[in-house]
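Have the viewer open as you read.

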Amino acid sequence: MRRKAMVGAGVFAVLAVLFGVLDLEISKAFVNPDDPVARTLEVLGECTTPVLGMLSLAMLFLTPPSASRTGQVWLRVGAFLGAAGLAAYLFLTLPGYFGASFFAPAALLGGAAVAGMVFLLCSRIPREWREKYLYVAAVCAVTILVGLALVEVLKALFGRVRFREMAEPYGEFTRWFVPKGYTGSKSFPSGHTAHAASLFGLLAFCDYPQHRGKERVLTLCFFLWTLLMAVYRVRIGAHFASDVLFGGTLMFVIATAVRAKLRPRWQARRERWL
């Protein structure tokens with residue numbers, strides 16, 4: 001495991017240096033804003049974390065881990081607010097791709113309504129199944145909430161201008177390692193690629209005895225989805241190569257760390273995993 005981590009860190013470092021030098025040249029040669037696949041993935045890519053996050057938070061809301069009654073109440077409040085926020089995010093972002101907009105208060109109300117419907121649907125899942133896979137739900141929920149918050153903070157700190165926001169001679173271009181502070185631009189790191197990589201939280205399934213042996217296949221599937229999203233984010237001009245590299249890697253690292261942190265707590269309930 002340590003060897004794989006070292007190899008991964010080495011590959012990341014090489015790509016970070018390479019993209020730090022060639023970011024602009026890669027985009028000049030590769031960008032095609034009219035690519036239909038890129039335009040489709042731009043919309044679909046917004047949905048990964050809201051959908052996975054709402055489902056995970058619904059599991060935590062309906063079957064909170066053993067704790068004090070007060071702790072359960074606060075967990076349920078937080079789970080509902082988190083799910084409502086993720087749904088409101090969709091109301092606020094998706095219309096923009098079709099030249100429309102959504103009134104913010106209406107988006108919040110709509111988000112609360114959608115969260116309520118998702119929770120109602122998840123309540124139909126047998127309680128035994130919800131308790132059994134609560135660990136997976138917790139890993140995914142924490143990964144998404146922490147990851148998205150960190151991505152937004154970094155976007156504000158770096159203020160990198162997107163390739164499609166610039167015109168020749170690209171005077172606004174900056175390297176990924178040069179933060180500009182808040183500018184209103186949010187190219188670095190890539191949120192869409194981070195959304196895609198949030199699926200790595202689902203690798204928590206592989207900590208259950210009955211699902212062992214599936215981690216390699218799942219890892220490959222999640223990696224290919226993240227890579228596809230990364231390539232087409234550069235293709236459409238929304239991000240540079242380094243943006244997608246850091247966005248995907250950041251969420252993968254967070255998912256791995258959260259899984260490692262929560263695993264010992266749930267292993268104490270091993271008999272419920274069988």
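## Ground rules

This is a predicted model, where local features need pLDDT of at least 70, side-chain atom pairs count only at pLDDT 80 or more, and totals for chains, interfaces and linings use all residues. Numbering starts from 1 along each chain as its sequence is written, and side-chain values use heavy atoms, with hydrogens and water left out.

## H9 against H10

Start with helix H9 (residues 215-235) and helix H10 (residues 241-267), which pack at about 150° with axes 9 Å apart. Helices here are DSSP runs (H or I, at least four residues) numbered from the N terminus; axes are lines fitted to C-alpha atoms over the stretch in contact, with angles from 0 to 180 degrees between N-to-C directions. The pair is therefore roughly antiparallel (over 145 degrees).

On the H9 side, Glu-215, Thr-226, Ala-230, Arg-233 and Val-234 meet Ala-241, Val-244, Gly-248 and Arg-259 of H10 (contact means heavy atoms within 4.5 Å). By class, that contact has four nonpolar, two polar and three charged residues. Nonpolar takes in Ala, Val, Leu, Ile, Met, Phe, Trp, Tyr, Cys and Pro, charged is Asp, Glu, Lys and Arg, and the others, Gly among them, are polar.

Thr-226 sits in H9 and counts as buried because its relative accessibility is 9% (buried is under 20% relative accessible area, exposed over 50%, with a 1.4 Å probe and protein chains only). Leaving aside residues up to four places away in sequence, Thr-226 touches Thr-193, Ala-196, Ala-197, Phe-200 and Gly-248.

Gly-213 is in the loop between helix H8 (191-197) and H9, and at 73% relative accessibility it counts as exposed.

Conventions
Helix = DSSP H or I, 4+ residues; strand = E, 2+ residues; numbered from the N terminus. Parallel < 35°, antiparallel > 145°, perpendicular 65-115°, else oblique.
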